[in-house]
Amino acid sequence: MAMKRRLWCKSAQLCHCIHRNFSSSSSSLEPFKPPPFFPHRRVVVTGLGMVTPLGCGVETTWNRLIKGESGIRALSLEDLKMNGFDRDTQSYTFDQLTSKVAGIVPSGTKPGEFNEALWLDSKHGKSMAKFISYALCAADEALKDANWIPSEQDEKEKTGVSIGGGIGSIGDILDASQLICEKKLRRLSPFFVPRILINMAAGHVSMKYGFQGPNHAAVTACATGANSIGDAARMIQFGDADVMVAGGTEASIDALSIAGFCRLRALSTKYNSTPQEASRPFDCDRDGFVIGEGAGVLVLEELEHAKKRGAKIYAELRGYGMSGDAHHITQPHTDGRGAILAMSRALKQSGICHDQVDYVNAHATSTPLGDMVEAHAIKSLFSKHAMSGALAFSSTKGAIGHLLGAAGAVEAIFTILAIHKGIAPLSLNISNPDPIFEEAFMPLKTSKKMQIKAALSNAFGFGGTNAALLFAKIP
């Protein structure tokens, strides 16, 4: 009854406002007054959740990361998810793949393993592909970490979700195509479309907890996770929500996705016999990225809202920069102009100077051109600060591979943890650094304990889309 009364009051106010504006404008033909001014609202991080090839959960992943452990392994036939095909077709497909390594989330019931059965409820289970399950798991950890499971209607209306993905469930599309080839279309699941829609990860999180604020899903290739977080922060700053559950998710380790990237010549092929050496950002012997899967989810919150309820605050999100290369569908411009623009815009918005940034979590995926271009952009933008060795930077993809749509979110969490715990994580497999590096300008080969007051996280994607997030320690 109270809820109905509240909705009626809101409708009455809106109708009165519309009538007043219409009457005054039609009689005097005067322009509308400017929109209401929204005071500056600061955004902080109060919860973290992760599912990665290093394990299920933030602590498991982080502890293994800073120790220099790897979550990359050799692909098996079962990893291709071709159960609807005969064994000969499966074997032929596996043999044709030029890359046979991947960053796969460890599954099972042991601590640190992902147990999918826990996230497939009886009501919605059939409509959930694995990328949705990963998002639910990471969101649950983040919300519990933030101690934010609201029960009041007003709080649910001011809590939103912004979780995107890069590809969705290609495996389901492959299975559906097989039904058409076999003329068995009547067997197509009625849940086929809900399983492949990328926005369904955000949708399921929203439904599970009753969040009725903004429901958003960015799809910007490998910048998705960062854009989802940045967009969510803007929603809080603009007053659309007080709390946002934000991040990215991906589960594209399947025959068709891997075959597509192989044909694009984007994946590593030289290290099939030594999988843990395959992802080697910034190393001269890199030959392509290692495909990975997982999810990263943050709870973002308006600062005063967080302080009022006594929430734990990891860091403040102070800057969000975006740009477009306007150059090529897969390759960045060699001068790194897109990366420089995104980082510069994040810095400008943050009010933090270049020489006040202590750490950069680079997007570097282990591709020959991409890593070199980003290194050049960091060197160009940070100049003397980078060349003096005062700026620490690394690519954590050496340990987990490239999580595509989830990469920007997972690596944003690594950046936040670097600030919170005072440790900059290492880059794995740098035995022969790229010639662009010299003297003190060198990616971290070991995790480094240091005070980190401000840090950048980069994420770049196909189509020339770039995003940078700047986090800072808050007193």
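**Spaces and a helix pair**

Tutor: Let's start inside: the largest cavity has a volume of about 30 Å³. Keep in mind that this is a predicted model.

Student: Which residues line the largest cavity?

Tutor: Look for G230, A233, R234, Q237, L317, R318, G319, Y320 and Q349. Two elements give two or more residues to that lining: α9 (224–237) and β9 (315–324). Sorted by class, the cavity lining has three nonpolar, four polar and two charged residues.

Student: Okay, on to pockets. How much space lies in the largest pocket?

Tutor: About 620 Å³. Its lining counts 31 residues, and T330, Q331, P332, T367 and F462 lie nearest the centre.

Student: Which elements supply at least two residues each to the lining of the largest pocket?

Tutor: Those are α12 (337–350), α13 (368–387) and β14 (454–461). Helix α13 gives the most, with six residues. By class, the lining of the largest pocket has twelve nonpolar, 14 polar and five charged residues.

Student: And what is the volume of the second largest pocket?

Tutor: About 290 Å³. It is lined by 17 residues, and K81, K130, S169, D172 and R195 are the closest to its centre. Both α4 and α6 (170–181) give two or more residues to this lining, with the largest share, four residues, coming from α6.

Student: What classes of residue line the second largest pocket?

Tutor: Six are nonpolar, four polar and seven charged.

Student: You mentioned α4. How do I read the way it packs on another helix?

Tutor: Check the distance between the axes, then the angle, then who touches whom. Helix α4 (residues 130–146) and helix α8 (residues 200–209) have axes that come within 9 Å and cross at roughly 45°.

Student: Why is α4 called oblique to α8?

Tutor: Because of that crossing angle of roughly 45°: angles under 35 degrees would count as roughly parallel, and 65 to 115 as roughly perpendicular.

Student: Is the crossing of α4 and α8 left-handed or right-handed?

Tutor: Right-handed.

Student: Which residues meet there?

Tutor: On the α4 side you'll find F131, I132, A135, L136, A139, D140 and L143, and they meet M200, A201, H204, V205, K208 and Y209 of α8. By class, this contact has ten nonpolar, one polar and two charged residues.

Technical notes:
Residues are numbered from 1 along each chain as its sequence is written. This is a predicted model: local features need pLDDT of at least 70, side-chain atom pairs count only at pLDDT 80 or more; totals for chains, interfaces and linings use all residues. Side-chain values use heavy atoms; hydrogens and water are left out. Axes are lines fitted to C-alpha atoms, for helices over the stretch in contact, and angles run from 0 to 180 degrees between N-to-C directions. Angles under 35 degrees count as roughly parallel, over 145 as roughly antiparallel, 65 to 115 as roughly perpendicular and the rest as oblique. A crossing is left-handed if the near helix is turned anticlockwise from the far one by less than a right angle, and right-handed if clockwise. Contact means heavy atoms within 4.5 Å. Ala, Val, Leu, Ile, Met, Phe, Trp, Tyr, Cys and Pro count as nonpolar, Asp, Glu, Lys and Arg as charged, and the others, Gly among them, as polar. On a 1 Å grid over the protein atoms alone, a cavity is a set of points where a 1.4 Å probe fits but cannot get out, and a pocket is an open set with protein on both sides within 12 Å along at least five of seven lines; lining residues have an atom within 4 Å of a point. Grid points are joined across faces, edges and corners, and a volume is the space filled by probe spheres set on the points.
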